[in-house]
Structures are given as structure tokens and as C-alpha cells.
Amino acid sequence: MKEFFLRKGVNLSVKTYAVTSLSFMALGLFSSLIIGLIIRTIGEQLMFSFLEEMGQLAMDLMGPAIGASVAYGLKAPPLVLFSAVITGAAGAELGGPAGAFIAALLSVEIGKLVSKETKLDIIVTPFVTIAAGYTTAYFLGPVIQSGMVGFGDVVMWATEQQPFIMGIIVAVLMGLALTAPISSAAIAIMIELEGIAAGAAAVGCSAQMVGFAVSSYRENGVQGLAALGIGTSMLQVPNIVRKPAILLPPTIAGAVFAPFSTMVFLMENNASGAGMGTSGLVGQIMTFSVMGFHVDVLLAMLLTHLAGPAIISLLVSEWMRKKQWIIYGDMTIDQG
């Protein structure tokens, strides 16, 4: 059985399902829901209906995008990949983003098992894939969506009740998820994180990216500043494995400014921006989308998302360098 699974490209592992597939789901989300929301927001601000409609269409096609992205990430054969567009749509219809992910994931793996096993492959493979995905969406989608949203509601309620402690916890955990090879964006969207909890998550994620960009500037220069600051802090993962201590400066920065976000400025965000940090400036665009395009919002965001985390991360990292806890080369990234 194990040999059969390996031959069909089905790798039953935590890495495959919690890292690879979730990361590709995030690409599907960005290519539909997130970019669509950005386009629609621009259209609304410019009062340009063409952009509003374009953005809304992209948002409406989130499910098919998730299905295709998960199938692509799991190296599905063509018939399975194309059928996953439908299973992703079914999952999104019946269970939201989490339902789309689970329906696509299970249908793709089952579809891969039957792919090219019969002479009627062109009928059997898409039928089995779609049937598996729709059945999953029908029975599990609502339950999964309800559970994820319920968990998100608890996080948001707890953050409102204890903004200091929970703000720090949310910022630190979401920030670490952003830097780890999993998707903080997918997590935030699946639990529908909003309000000040989403604002704290945006601070923690931004602190990871800005913090690593600034504290590793001497190793990586301007290119590294851009790659880490508006690209992804995941570039530091190999270095973190070798030297976990380099996580401290950006994580501390996120913890320091989370209470400013939840208690002083009452920063809010939405699920699309909560887990993105400064990647493509999505977290900042979504902050404006939720809180409005005002000068006070801009100043608060500059402090909690950018300047504040940059300063704290630099101070902590320089102190750690003096203590020899971080040495030159520990944060060098591969920019090739």
C-alpha cells in the first residue's frame, strides 16, 4: 500500500498537508480574495466601477483558485487539477475558505489514487475527484467552517476582554506563523480574524518582516531589505534553523507594539490583511480599507507596523551582537 501511495504521488505527512498544501492555498487566496479586495478598495476610493467589479469577481472566485492552487501544490495530474477547480468552488460555497481547502485537499489525494488506473480515465478520474470533493464539502464543510469561525470568535472576544495579554499573544503567534513555512494569511482568513485582534496580528506579522529586514541589513543590504521587508521573512527560515536566537529581535518588537495597537490606537484590520504583514503592503492597505484613509491612521500605522518594530528590532539585535549571541553572517539570506 505504501509503495502504491508513493507511486501515485500521495505522501501522507504533516509537512505535505500542514505546510506545502497550506502554503499553496495562500497563493490561491492572494490570487483571488486578497488581490480582489485590494482592487475593489482602489475602485471604491477612486469611484471607478470597472475596478470595483473586477475586484469583486476575483473575490467571488476564491474557491476555484484555492482548488487549483492546492492541486498544483500537490502535483496533481491534469484531470485531477482541473476537477479541483470545482471541488474548491463547492468547498467555498458550503464551508468558506476552510471548506474549500479541505474539499480540495481530500479530492486531489483521492483523485490521484485513481488517476490513469483505468481505460476510462477521462471519465473516472474527474468523476471520483469531484464526487470526493463535493461529498467532503457537503458533510464536513459547514462543520469545519463553524469550528474555525468559532475559534476566531473566541480569539477576538478574548482580545477585547484582555487587550494587553491577548494582543501580545496574537501578535507573537501570528508573527511566528508568518515567518514559519506555513501560511499566517490562510490561518487568519480561515478563522475570519477581524477587529483589534486582526490589528494585533498585523502588527506581529509586520514586526517579523520589518524586524528581520532592518536587523539583517549589514548582511543583506538594500536588496535584502526589500526582499524581507515587502517580500517575505520566510527567507530567514534556514538561518533560524541554524540559529534560533535571531527570532528574538522581531518577536520582541511585535510583543512591544501589540499593546499600543490594541489599547492606545485601537488598530483594526480584516482577515485578508491580518496575516500578511508588510508583504506587498497588503496589511497596510487593508488597515486603510477598514479604518479609513486618515492621517491619524497613517501615523499610528507607521509607528506600530514600521518605525517602531524597526527601531526595537535594531536595538535588540545590536545588543545581541555585542553579546556575541548573533554574529555576522547569521542572518545572511540567499538572494539568488
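How many residues of domain 1 are in contact with how many residues of domain 2? In this predicted model, 16 residues of domain 1 are in contact with 14 residues of domain 2, contact meaning heavy atoms within 4.5 Å. The model is predicted, so local features need pLDDT of at least 70 and side-chain atom pairs count only at pLDDT 80 or more, while totals for chains, interfaces and linings use all residues. Residues are numbered from 1 along each chain as its sequence is written, and side-chain values use heavy atoms, with hydrogens and water left out.

Domain 1 covers residues 1-144 and domain 2 covers residues 161-323. These bounds come from an automatic or database domain assignment. The C-alpha centres of the two domains lie 28 Å apart. The size of an interface is often given as the accessible area lost when the parts come together. Between domain 1 and domain 2, the buried area is about 1300 Å² (accessible area, 1.4 Å probe, that two parts lose on being put together, summed over both). Carbon and sulfur atoms give 83% of that area. Zero salt bridges are counted between the domains (a salt bridge is a side-chain nitrogen of Lys or Arg within 4 Å of a carboxyl oxygen of Asp or Glu).

On the side of domain 1 that touches domain 2, α2 and α5 (78-114) each supply at least two residues. Helices here are DSSP runs (H or I, at least four residues), numbered from the N terminus. The largest share of this side, 14 residues, comes from α2. By class, the side has 13 nonpolar, three polar and no charged residues. Ala, Val, Leu, Ile, Met, Phe, Trp, Tyr, Cys and Pro count as nonpolar, Asp, Glu, Lys and Arg as charged, and the others, Gly among them, as polar.

Thr-16 is found in helix α2 (residues 14-46). At 12% relative accessibility, Thr-16 is buried (buried is under 20% relative accessible area, exposed over 50%, partly exposed in between; 1.4 Å probe, protein chains only). A polar atom of the Thr-16 side chain lies 3.3 Å from the backbone oxygen of Asn-11. Leu-94 has its place in helix α5. Its relative accessible area is 30%, so Leu-94 is partly exposed. Leaving out residues up to four places away in sequence, Leu-94 touches Tyr-134, Ala-137, Tyr-138, Gly-141 and Pro-142.

The structure holds eight salt bridges. One of them joins Arg-7 and Glu-117, with the closest N and O atoms 3.7 Å apart. This pair links distant parts of the chain, 110 residues apart: Arg-7 is in helix α1 (residues 2-7), and Glu-117 is in the loop between α5 and α6 (121-161). Arg-7 is exposed at 57%, whereas Glu-117 is partly exposed at 40%. Lys-112 and Glu-109 meet in another salt bridge (3.0 Å, N to O). Both lie in helix α5, three residues apart, about one turn of the helix. Lys-112 and Glu-109 are both buried.

Glu-219 and Arg-321 also form a salt bridge (3.0 Å, N to O). Glu-219 lies in helix α10 (residues 217-231) and Arg-321 in helix α15 (residues 295-322), 102 residues apart. Salt bridges that share partners join Arg-218, Glu-219, Glu-318 and Arg-321 into one network.

Technical notes
A polar contact is a pair of N or O atoms within 3.5 Å; within protein, one must be able to donate a hydrogen and the other to accept it, and residues adjacent in sequence count only if both atoms are side-chain atoms.
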